[in-house]
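User: I have a structure open and would like to go through it piece by piece. Can we start with a single residue and work outwards?

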Amino acid sequence: MNIIPLIILFCAAFILQYLLTFVQMKSFNTSYRRLRQQGRVAIGKSKGALRAGAIAMFAIDERGNILEGSYMQGVTVFARFHELKGFEGMDVGSIKPEDCRNLHLARPLSKAVQEASSNYNILMNGGEILEEPAPLTKVVNMFSRRKQA
């Protein structure tokens, strides 16, 4: 069995993944830049390992009122940013789960919106946002703790 075609296929898949991730990051940067031109930006995310994840971003004025929202939701690198309507004029720090339910947002997007609100409140109160480990990191940490025990 010749392993060279397998290596070439692996390298091609790696390069394709890199390029698609680059395009997705460009979408994030474009959306962020557009919102940033309007004022400060509150960002929240919901990580998904095998399920859809989401990122929500809000352009806010000096009083914390939402001017415009943007979101990305999906499982693959093909997900792109879209306009998030329904929060305009609201105080970003006072978004409640009911607001997300009233707009019929999917669970990951609702979680990302709630995190954006929470992050805003933490920063406005002088706190620091702690990064939650990624799902794969949690699994690796769980196995490394078992080995040490």
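User: What does S31 touch, not counting residues up to four places away in sequence?

Analyst: S31 touches M57, S70 and F81, with those close sequence neighbours left out. Contact here means heavy atoms within 4.5 Å.

User: And where is S31 placed?

Analyst: S31 is in helix α1. Helices (H or I, at least four residues) and strands (E, at least two) are DSSP runs, numbered from the N terminus.

User: Is S31 buried or exposed?

Analyst: S31 has a relative accessible area of 4%, so S31 counts as buried. Buried means under 20% relative accessible area, exposed over 50%, and partly exposed in between, with a 1.4 Å probe and protein chains only.

User: What kind of model is this, and how are residues numbered?

Analyst: This is a predicted model, where local features need pLDDT of at least 70, side-chain atom pairs count only at pLDDT 80 or more, and totals for chains, interfaces and linings use all residues. Residues are numbered from 1 along each chain as its sequence is written, and side-chain values use heavy atoms, with hydrogens and water left out.

User: OK, the sheet. What is the strand order?

Analyst: The order is β1-β2-β3-β4, in an open sheet of 4 strands with antiparallel pairing. β1 (40–46) and β4 (81–83) are at the edges with a single partner strand each, so one side of each has no neighbour in the sheet. On average, neighbouring strands are turned by 20° against each other, direction ignored. Axes are lines fitted to C-alpha atoms, for helices over the stretch in contact, and angles run from 0 to 180 degrees between N-to-C directions.

User: What holds strands together in general?

Analyst: Strands of a sheet pair through backbone hydrogen bonds, either parallel or antiparallel. For the pairing used here, DSSP has to find at least two bridges between two strands.

User: How many bridges are there between β2 and β3?

Analyst: Strand β2 (residues 53–60) and strand β3 (residues 66–74) pair over 8 bridges, in the antiparallel sense. A59 has E68 in β3 as its bridge partner, and I55 has M72 in β3. The hairpin of β2 and β3 has 5 residues between the strands, and G64 takes a positive phi near 90° there.

User: And how many between β3 and β4?

Analyst: β3 and β4 pair over 3 bridges, also in the antiparallel sense. Y71 stands opposite H82 in β4. The hairpin that joins β3 to β4 runs through 6 residues.

User: Which strands does helix α3 touch?

Analyst: Helix α3 (residues 107–124) packs on the sheet and touches β1, β2 and β3; its direction makes about 135° with that of β1.

User: New topic. How many salt bridges does the count give?

Analyst: The count comes to 5 salt bridges. A salt bridge is a side-chain nitrogen of Lys or Arg within 4 Å of a carboxyl oxygen of Asp or Glu.

User: Which residue does R34 pair with?

Analyst: The R34 side chain meets that of E68 in a salt bridge, 2.2 Å from N to O. R34 is in helix α1 and E68 in strand β3, so the pair ties together parts that are 34 residues apart in sequence. R34 is partly exposed at 34% relative accessibility, whereas E68 is buried at 16%.

User: What about R63 and E62?

Analyst: The side chains of R63 and E62 form a salt bridge with an N to O distance of 3.8 Å. R63 is exposed at 58% relative accessibility, and E62 is exposed at 65%. D61, E62 and R63 are linked in a network of salt bridges.

User: And K85, which residue is its partner?

Analyst: K85 forms a salt bridge with E83, and their closest N and O atoms are 3.2 Å apart. K85 counts as exposed at 55% relative accessibility, and E83 as partly exposed at 45%.

User: Last one. Where is I129, and what is it in contact with?

Analyst: I129 is in the loop between α3 and α4 (135–148). Leaving aside neighbours within four places in sequence, I129 is in contact with N119, I122 and L123. I129 is partly exposed, at 35% relative accessibility. I129 and S118 are 11 residues apart in sequence and 9.3 Å apart in space, C-alpha to C-alpha.
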